[in-house]
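Hi,

Here is the structure I promised to pass on.

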Amino acid sequence: MLPVIQPDPGPPPFERIAIVGFGLVGGSIALAVRQGWRGGLIIAIDRKDVLEAAMRVHAADVAGDDLVMASGADLIILAAPVRQNIALLGRLAEYVPGPALVTDVGSTKADMVEAAAGLPERLRFIGGHPLAGAAAGGFDAARPDLFRGRPWILTPDRPDDDGQWAVGDGPSAMGSLERLERFVTALGATPVTMGADEHDRLLAWLSHLPQLTASALMHVVGERAGAAGLALAGRGLRDTTRLASSPAGIWQDIAATNTEQLSAALGDLVDALERLRADLSEGSELKRIFESAARWKANLESAGFKDTG
């Protein structure tokens, strides 16, 4: 049985929540909200077949396949692939006439923050990225505890003169960030605030490089070993290539919106592999890299955040 997220002791920070994209992350947000608060309205926006599945399990109160459904929401969560979210930002003002806080859950942030600069003042944007996932995608894989114990990065516009993060202008700017932090915390996650550029640099190494590496490794091994050879593989190959089943479309968006940082990360990996290849007979570079890897792996395993996926 899934662990139950305890209800927040106070009223929900947002009364009407529109989620655009009801896949793994968007659906999990809805399920977590449903567990956390008795009140509040959840609006689902996606394809009709996805919405039918969501409504069958009461993950949303109302649903539709048109962005006009977000009209009247005080929190709008863009949970589509990154480039779709960027396109949605350009259309929001047309469909949402009143004030709202807008966030997203995409794996890259700089392009989103830049696109959000074109929003009218009534629509405040704070970038977001929950560092949580699962082997399978789609609403069928959604679960309310997906974010429990995981970091949720928030990327407001910029630091102000006091070193605090500002969200737009005016006295309610910091209030928007505080409300979103409270919302994220109630879903079981731990909010972490940083700049969009720093997020993209860090995630290029923590997430984007491992994904491309795992997929490239599985491609090379599969092409060389073939089906018969793979039948002999042990757990090492399976564990190392766990990410290799990820859908390409999502990662095309990520690569296209974090090209510079991801290219640098790939360059570092290629350099390490070239050093290994040049030193195979002697093995001193192999020893150095293995010892360094073991130290950093121990550091990783002792880190505060644990993978719940």
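On the H6 side, Asp200, Arg201, Ala204, Trp205, His208, Leu209, Leu212 and Thr213 make the contact, and they meet Gln261, Leu262, Ala264, Ala265, Leu266, Asp268 and Leu269 of H9. Sorted by class, that contact has nine nonpolar, three polar and three charged residues. Helix H6 covers residues 196–230 and helix H9 residues 259–278; their axes come within 9 Å and cross at roughly 60 degrees. H6 and H9 are therefore oblique to each other, and their crossing is right-handed. Do keep in mind that this is a predicted model.

H9 also packs against helix H10 (residues 284–301), at an angle of about 140 degrees and with the axes 7 Å apart. Anything over 145 would count as roughly antiparallel, so H9 is oblique to H10 as well. Here Ala272, Arg275 and Leu276 of H9 meet Glu285, Leu286, Arg288 and Ile289 of H10. The class count for H9 with H10 is four nonpolar, no polar and three charged residues.

There is one more helix pair to mention. Helix H3 (residues 82–95) and helix H8 (residues 248–257) have axes 7 Å apart, at an angle of about 70 degrees. That angle makes H3 roughly perpendicular to H8. Val82, Arg83, Gln84 and Ile86 make the contact from H3, while H8 brings in Gln252, Asp253, Ala256 and Thr257. By class, the H3 contact with H8 has three nonpolar, three polar and two charged residues.

Stepping back to the whole chain: there are 10 helices and 10 strands. Of the 309 residues, 40% count as buried. If you take the contacts between residues at least 6 apart in sequence, 72% of them join residues at least 24 apart.

Now for the aromatics. How many aromatic pairs does a search of the whole structure find? The search comes back with four. In one of them, Phe14 and Phe183 have ring centres 5.8 Å apart and planes at 80 degrees, so this pair is edge-to-face. The pair ties together distant parts of the chain: Phe14 sits in the segment before strand E1 (16–20), Phe183 belongs to helix H5 (residues 173–186), and the two are 169 residues apart. Phe14 counts as buried because its relative accessibility is 2%, and Phe183 is buried at 2% too. Ring pairs also bring in Trp37, which forms a cluster with Phe14 and Phe183.

Phe183 turns up again among the neighbours of Ile29. Leaving out residues up to four places away in sequence, Ile29 touches Ile19, Ile77, Val105, Phe147, Trp152, Phe183 and Leu187. Ile29 itself lies in helix H1 (residues 24–36). Is Ile29 buried or exposed? With a relative accessibility of 0%, Ile29 counts as buried. One of its contacts, Leu187, is 158 residues away in sequence, yet the C-alpha atoms of Ile29 and Leu187 are 7.4 Å apart in space.

Pro130 is found in strand E6 (residues 123–130). With a relative accessible area of 4%, Pro130 is buried. Apart from neighbours within four places in sequence, Pro130 is in contact with Val25, Val105, Phe147, Pro151 and Trp152. Val105, Phe147 and Trp152 are also among the residues that Ile29 touches. Pro130 and Val184 are 54 residues apart in sequence, with their C-alpha atoms 8.9 Å apart.

Last item: the backbone at His58. Most residues other than glycine have a negative phi. What is the phi of His58 near? Phi there is near 60 degrees, a positive value in a residue other than glycine. His58 is placed in the loop between helix H2 (48–56) and strand E3 (62–64). Its relative accessibility is 59%, so His58 counts as exposed.

That's the lot from me.

Cheers

Note on methods. Residues are numbered from 1 along each chain as its sequence is written. This is a predicted model: local features need pLDDT of at least 70, side-chain atom pairs count only at pLDDT 80 or more; totals for chains, interfaces and linings use all residues. Side-chain values use heavy atoms; hydrogens and water are left out. Helices (H or I, at least four residues) and strands (E, at least two) are DSSP runs, numbered from the N terminus. Buried means under 20% relative accessible area, exposed over 50%, partly exposed in between (1.4 Å probe, protein chains only). Contact means heavy atoms within 4.5 Å. Rings of Phe, Tyr and Trp (its six-membered ring) pair if their centres lie within 6.5 Å; planes under 30 degrees apart count as stacked, over 60 as edge-to-face and the rest as tilted. Axes are lines fitted to C-alpha atoms, for helices over the stretch in contact, and angles run from 0 to 180 degrees between N-to-C directions. Angles under 35 degrees count as roughly parallel, over 145 as roughly antiparallel, 65 to 115 as roughly perpendicular and the rest as oblique. A crossing is left-handed if the near helix is turned anticlockwise from the far one by less than a right angle, and right-handed if clockwise. Ala, Val, Leu, Ile, Met, Phe, Trp, Tyr, Cys and Pro count as nonpolar, Asp, Glu, Lys and Arg as charged, and the others, Gly among them, as polar.
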